[in-house]
Every structure is written in C-alpha cells, then in structure tokens.
Amino acid sequence: MVLLVEDDPSVREGLGLALRRQGHDVRAAETGEEGVAKLRESRPDIVVLDIMLPGIDGFETCRRMRTHAEVPIIMLTARGDDFDVVAGLEAGADDYVVKPVEPRVLEARIRAVLRRTVAEPSSIERHGSLVIDRAGLQVLKDDVKVALTPTELKLLLELSRTPGRVLTRQQILEAVWEHDYLGDSRLVDACVQRLRAKIEDVPSDPGYVHTVRGFGYRFGPR
C-alpha cells in the first residue's frame, strides 16, 4: 500500500490514479499531520511525501514518521536544489523525485524501493558484534535487533557482501537505488550516515563502514 501525502488536489488525484492503474492500493492525505496519523493507522509499504505542505512541512513530517516506522519514504520536491534534497535526506528520506512528477519515474522508484525487502538465500554472517541475517533480513548488534529502513538494510547487505572491497558511489547507486544513470551521490552519503548512526559504536570513527576518500566506501575492519 502506498501512502501519498500531497496537498495539491490535482497532483494528488493524478498521481493516485496513475499508481492505482499500476496495481497499488493508495491512501491519500492532504497534510503532514494527517499523513502521520494514516501512517500509524494503516502501516503502508511506502510513503510518497511532498515537501511543501500546509502546517508541518514535508521535512518535519518525515522526521515524525521515522519515530513511528522504518517505512521507505520518497520525497517530492518542486526544485531539486541542494537545500531541499539535502534537508530531505537528512530528515530520513530514501529517495526523491523532482516535480512535475512523471508517473512512470515515480513507479520505477517505488518498485526499486520495494525490491529492497526481498530476502536473499539463507546466510548468517558475523562481523564482530554485528550479525547480518540475509534470509531473515535482520541485523543484530550486541544481540539486539537494529531497526533499519529497507534502503539502509540493502546498503549494508551490498557493502558487506564482499568485505574489504571498495564500492564507488555510482556502483552503490546502481545496486541499491537501481539508478542506472549518473545519479545523485548525496543519496549514498546520507544513507551511509544514517546507517553508521545505527550500527557503529562511534559513528564519527566507524569500525564497519569506511570512507575511501576519492572513491567510495568499503565494509570491514580497518
């Protein structure tokens, strides 16, 4: 089920119709407050969230949604400029689409996000205090389950698949976001920051996800 939070009636109705034609069950909300309430009531598979909303804006709505669920969130931005994109990613968004939204582009992004919840063949890996269950799509740290969004989990699965190997940001975009063009590396950097905050003892001095300056990221011990 898709939760669409959009205050513009024409955009809300148009996107809702297009998504239903693609087979999605769509619930709509006009404000951030209504969106948060419907998130708690209906537990959607994904949220499509406009930034410019009356009352609380999309950034604050995204932050509030993150306190209730690790549901994937795609933000709609009218500009696609640095401020909107960075602020949205820092608030916890998984991806973004620039308005005017082409339904086929949004549908492709939604499908890509939902594929991140598909389990892999049975394999449980131990990396220090971190346990990665690829079949169960779970991560434990010190025997406690870590709540990760599907995007954060997919990122960790890709990085940990070949410990010690450096992946460029473009390789990560193609593997995790399925962006087969020169995508926005800020998606990767923001997701790495959120992932580190959840799995590292000291996020500023990571022991698992390391930056390789000028190249990208690698997983494994120093």
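Strands count as paired if DSSP finds at least two bridges between them. When I say helix or strand, I mean DSSP runs, numbered from the N terminus: helices are H or I with at least four residues, strands are E with at least two.

Quick housekeeping. This is a predicted model, where local features need pLDDT of at least 70 and side-chain atom pairs count only at pLDDT 80 or more, while totals for chains, interfaces and linings use all residues. Residues are numbered from 1 along each chain as its sequence is written, and side-chain values use heavy atoms, with hydrogens and water left out.

Back to the hairpin. There are 2 residues between its strands, and Gly128 takes a positive phi near 60 degrees. His127 has Leu130 of β7 as its bridge partner.

Next, the open sheet. Its 5 strands come in the order β2-β1-β3-β4-β5, with parallel pairing. At the edges sit β2 (26–29) and β5 (95–98), each pairing on one side only. On average, neighbouring strands are turned by 20 degrees against each other, ignoring direction. Strand β4 (residues 73–77) pairs with β5 over 4 bridges, in the parallel sense.

Let's zoom in on Asp95, which is found in β5. Buried or exposed? Asp95 is buried, with a relative accessible area of 1%. Ile74 stands opposite Asp95. Leaving out residues up to four places away in sequence, Asp95 touches Ile73, Ile74, Met75, Arg109, Trp177, His179 and Leu187. Contact means heavy atoms within 4.5 Å.

Zooming out, the chain is assigned domain 1 (2–118) and domain 2 (147–219); such bounds come from an automatic or database domain assignment. Their C-alpha centres lie 23 Å apart, and each domain gives 17 residues to the contact.

On to the cores. A nonpolar core is a set of buried Ala, Val, Leu, Ile, Met, Phe, Trp, Tyr and Cys residues joined through side-chain atoms within 4.5 Å. The largest one has 29 residues, and Ile172 and Val209 touch the most other members. Which element gives the largest share? That's α8, with 7 residues. Both domain 1 and domain 2 put in at least three residues. There is also a second, separate core of 19 residues, including Leu39 and Phe59.

Last stop: α6 and α8. Their axes come within 10 Å and cross at roughly 85 degrees, so α6 is roughly perpendicular to α8. For the cut-offs, under 35 degrees is roughly parallel, over 145 roughly antiparallel, 65 to 115 roughly perpendicular, and the rest oblique. Axes are lines fitted to C-alpha atoms, for helices over the stretch in contact, and angles run from 0 to 180 degrees between N-to-C directions. The residues making this contact include Leu155 and Leu156 of α6, plus Val192 and Leu195 of α8. And Val192 and Leu195 are also among the residues that Val209 touches. That's me done, thanks!

Technical notes. Buried means under 20% relative accessible area, exposed over 50%, partly exposed in between (1.4 Å probe, protein chains only).
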